[in-house]
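Dear colleague,

I am handing over the structure we spoke about, and below it you will find what was found in two parts of it. Please look at it alongside the notes.

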Amino acid sequence: MADIVRLLPDHVANQIAAGEVVQRPASVVKELVENAIDAKASVIKLIVKEGGKSLIQVVDDGVGMSVTDARLSFERHATSKITSADDLFALHTKGFRGEALASIAAIAHVDMLTRTANDELGTQLRIEGSKVVSQEPVATPKGTSVAVKNLFFNIPARRNFLKSNQVELRHITDEFHRVALAHPMIEFHFYNNGSEFFNLPKTNLRQRIVHVFGLKMNERLVPVDEETQVAKISGFICKPEYAKKSRGAQFFFANNRFIKSPYLHHAVIAAFEGLLKPERVPGYFLYLEVPPNSIDINIHPTKTEVKFDDENTLYAILRSAIKHALGQFSVAPALDFERDPNLDTPYAFQHKGAILPKVTVDADFNPFQEKQKGGGQQTYQKVSTKGWQNLYPGLEGIASQNFELISQETTKEAEELFDERTEKISYEVATFQYKRKYIVTTIKSGMLFIDQNRAHQRVLFEQFLKEMTVNEGISQQLLFPLKLDFSNEELRILKEIKGSLNTMGFSFKESEDGVVVVEGIPLSAEHGDIQRLLNELISNYREDISQGELSQAEILARTLSKALAVKNGEVLATESQLALVNDLFNCKEPMLSPFQKMTYVTISEGDIENKFI
Ligand code: ADP
Ligand code: MG
């Protein structure tokens, strides 16, 4: 039998390796910018077009490369940064595997210009899919420019896998933040689609943070500074009152390289013990300096995860450094040893159980039953609130958990307000529409301004979530089924979300030729443009799911509620206004729209009286 084991041709091996190094445009940005930093650049320009799909270019004024080096740099395992295995343990540079350029060149069109200070002429090198297309001497400034075009041009599967330009740009921006924050002494410019996105002059760390995150950051920062045998810790934490629910400004750097470390993150949170509201995460920019041989950055190909020799000690040092910083700037009752630590463990979700607003109003109250079906100008449809307390039976999953989190903050107010409403809501309560945008009504203690669009979003959102959870979406069969076209990618997503769409009231099937035939739509989608609605559902789903914060059900319910809610500018009949108010306060989370915007504001009697003084 013939031998069957073969060595893969180089270009195939490169493509495979490329998969590991280059996941998306942001990975290219990271590799190129790190190379520029290793080349001792003092000014680095990043130029990106279409989320990096069509162009990523990094221009530096670093040491540049000779003709031979330029050519060699694209060979696999070509690196100037280590010569022996020992060097691996004492690294001061970012790269060392020598495979970034080879990998990138395997899956894109690369155009490199480079010149060293000693050479008069530089080198231009063009490579497409690992093949050198041209190499010529050129006049070019000292330093290196690498332009990467048409990423994944020869791997369509990978190219299709890329997210929208916006999402890819966000990943690139995250990567840019990380290097920019690690190197305040380097000037950075970032151009996106031809316009300047960031312009960061050479400065100190504090100023760099402020340049990246905005002026408001300045007052929030508290310096951290601690030097021990094991590690030096410096940087800033944000004051606890600015801690946010969403993750964002949390950065660890080890020896000036951005790292991820859930363990050290925990140390920071532990130091904030008792100072944070549940689920809030403080911002931080923390720089650890440890001996290079005490840290293994090689355990992950993309090099953001690291292994420290003595993690436990580091944990303790970090925690006390931050406690110290918080105490010194008297942002913390850090010296209050009387505290019962059990009372303020931040991660024990002490109020784990959902606190449902006490709804005492008759949930079936609906004086406008008749009006519901009528089309015409009245686009608000009264949603049955029957049995809404059972909205999420047995759903201890993601959706209800998120609700709990919000409810901890908002239920109290809603509850109070609602108690007032329960005695007031009746036929006599007057509502009127202000600027075709707000519904105004009175409550015991003053006035209530409800944003009609956001309020209706909230009502629909909960309705759709409920339908998806208890599987009882009301569908309205179309007399003339709609035939709609979708791209392959869209069809793929449509299949992925089909189950949820069905429970919300959509029913459709795919005919042989790839056309989608829609036979039923949700009741509330009656007047909508169905093609646009489905397109929106698909594209929002694609974007949001990549962020991983919401469940499929939430994403779809959110999009649908936004698309179908009454818009500002729409006139609402008095009955509809009242029904909307009633439905809103029958919601689990009346105070916020599904997009976390205020649905209503109150103006107290006192506020009004003060105006007359
Ligand atoms: P690594 O960075 O791991 O060494 P790369 O594939 O990223 O591997 O780069 C290979 C080599 O090319 C580097 O070791 C360096 O010598 C050279 N090089 C890459 N980018 C630049 C640059 N911007 N300026 C100077 N030299 C560079
Ligand atoms: Mg490199």
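Predicted model: local features only at pLDDT ≥ 70, side-chain atom pairs only at ≥ 80, totals over all residues.

Where helix 11 meets helix 16, the residues involved are Q452, A455, H456, R458 and V459 on the side of helix 11, and L580, D583 and L584 on the side of helix 16.

Helix 11, which covers residues 452-470, packs against helix 16 at an angle of about 50 degrees, and the two axes are 9 Å apart. With that angle, helix 11 is oblique to helix 16, and the crossing of the two helices is left-handed.

Helix 16 spans residues 574-585 and includes N582. N582 has a relative accessible area of 3%, and because under 20% counts as buried, this residue is buried. The C-alpha atoms of N582 and V459 are separated by 10.0 Å, although the two residues are 123 apart along the chain.

The other part is an open sheet with mixed pairing, in which five strands follow the order 9-10-13-11-12. Strand 9 (221-227) and strand 12 (257-259) are at the edges and have a single partner strand each, so one side of each lacks a neighbour in the sheet. On average, neighbouring strands are turned by 20 degrees against each other, direction ignored.

Strand 11 (residues 250-254) and strand 12 run antiparallel and are joined by three bridges; F253 has F258 in strand 12 as its bridge partner. Helix 7 (residues 205-213) packs on this sheet, touching strands 9, 10, 11 and 13, and its direction makes about 40 degrees with that of strand 10.

Conventions. Residues numbered from 1 in each chain as written. Chains lettered and ligands numbered in written order. Heavy atoms only, no water. Pairing = 2+ DSSP bridges. Helix = DSSP H or I, 4+ residues; strand = E, 2+ residues; numbered from the N terminus. Axes fitted to C-alpha atoms, helices over the stretch in contact; angles between N-to-C directions. Contact = heavy atoms within 4.5 Å. Buried < 20%, exposed > 50% of the residue type's maximum accessible area, 1.4 Å probe, protein only. Parallel < 35°, antiparallel > 145°, perpendicular 65-115°, else oblique. Left-handed = near helix turned anticlockwise from the far one by under 90°.
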